[in-house]
Amino acid sequence: MKERHGKLKTYGKGSRICTRCGGFGSVIQKYRLMICRQCFREVATKIGFRKFE
Ligand SMILES: [Zn+2]
């Protein structure tokens, strides 16, 4: 399920940035997704993960 895109950039340790849309904010680091809540909802739905509360 893990996909790595060439667009991903490293902003240093501790930097919280969505690896999906590249936006800053409430990035969820659970499950090593490193994506914001909005993206998480979308991704979670796609991968069949519904426990995202
Ligand atoms: Zn995002």
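A nonpolar core is a set of buried residues of the types Ala, Val, Leu, Ile, Met, Phe, Trp, Tyr and Cys that are joined through C-beta atoms within 7 Å. In this predicted model, the largest such core has six residues: Cys-18, Val-27, Leu-33, Ile-35, Cys-36 and Phe-40. In soluble globular proteins, nonpolar side chains tend to be buried together.

**Overall arrangement**

- The protein contains two strands and one helix, and their order from the N terminus is β-β-α.
- Of the 53 residues in the protein, 11% are buried.
- Among contacts in the protein with a separation of 6 or more, 3% are made by residues 24 or more positions apart.

**Confidence**

- The protein has a mean pLDDT of 75, with 64% of its residues at 70 or more.
- Where pLDDT is low, the predicted coordinates should not be read in detail.

- Val-27 belongs to strand 1, which spans residues 27–28.
- Val-27 counts as buried because 20 other C-beta atoms lie within 10 Å, and the cut-off for a buried residue is 20 or more.
- Neighbours up to four places away in sequence aside, the contacts of Val-27 are Arg-16, Ile-17, Cys-18, Met-34, Ile-35 and Cys-36.
- Among these contacts of Val-27 are Cys-18, Ile-35 and Cys-36, which are also listed in the largest nonpolar core.
- Phe-40 is another member of that core; its C-alpha atom is 8.8 Å from that of Val-27, across 13 residues in sequence.

**Ile-28, also in strand 1**

- Ile-28 is located in strand 1.
- Ile-28 is partly exposed because it has 19 other C-beta atoms within 10 Å, whereas a buried residue needs 20 or more.
- Beyond its neighbours within four places in sequence, Ile-28 contacts Leu-33, Ile-35, Arg-37 and Phe-40.
- The C-alpha atoms of Ile-28 and Phe-40 are 7.6 Å apart, and the two residues are separated by twelve residues in sequence.

**Phe-24, before strand 1**

- Phe-24 is situated in the segment that precedes strand 1.
- Phe-24 is classed as exposed because 12 other C-beta atoms lie within 10 Å, and a residue with 12 or fewer is exposed.
- Apart from neighbours within four places in sequence, Phe-24 is in contact with Arg-16 and Ile-17.
- Arg-16 and Ile-17 are also among the contacts of Val-27.
- Phe-24 and Cys-36 are twelve residues apart along the chain, with 7.6 Å between their C-alpha atoms.

Technical notes
Residues numbered from 1 in each chain as written. Predicted model: local features only at pLDDT ≥ 70, side-chain atom pairs only at ≥ 80, totals over all residues. Helix = DSSP H or I, 4+ residues; strand = E, 2+ residues; numbered from the N terminus. Contact = placed C-beta atoms within 7 Å. pLDDT = per-residue confidence, 0-100.
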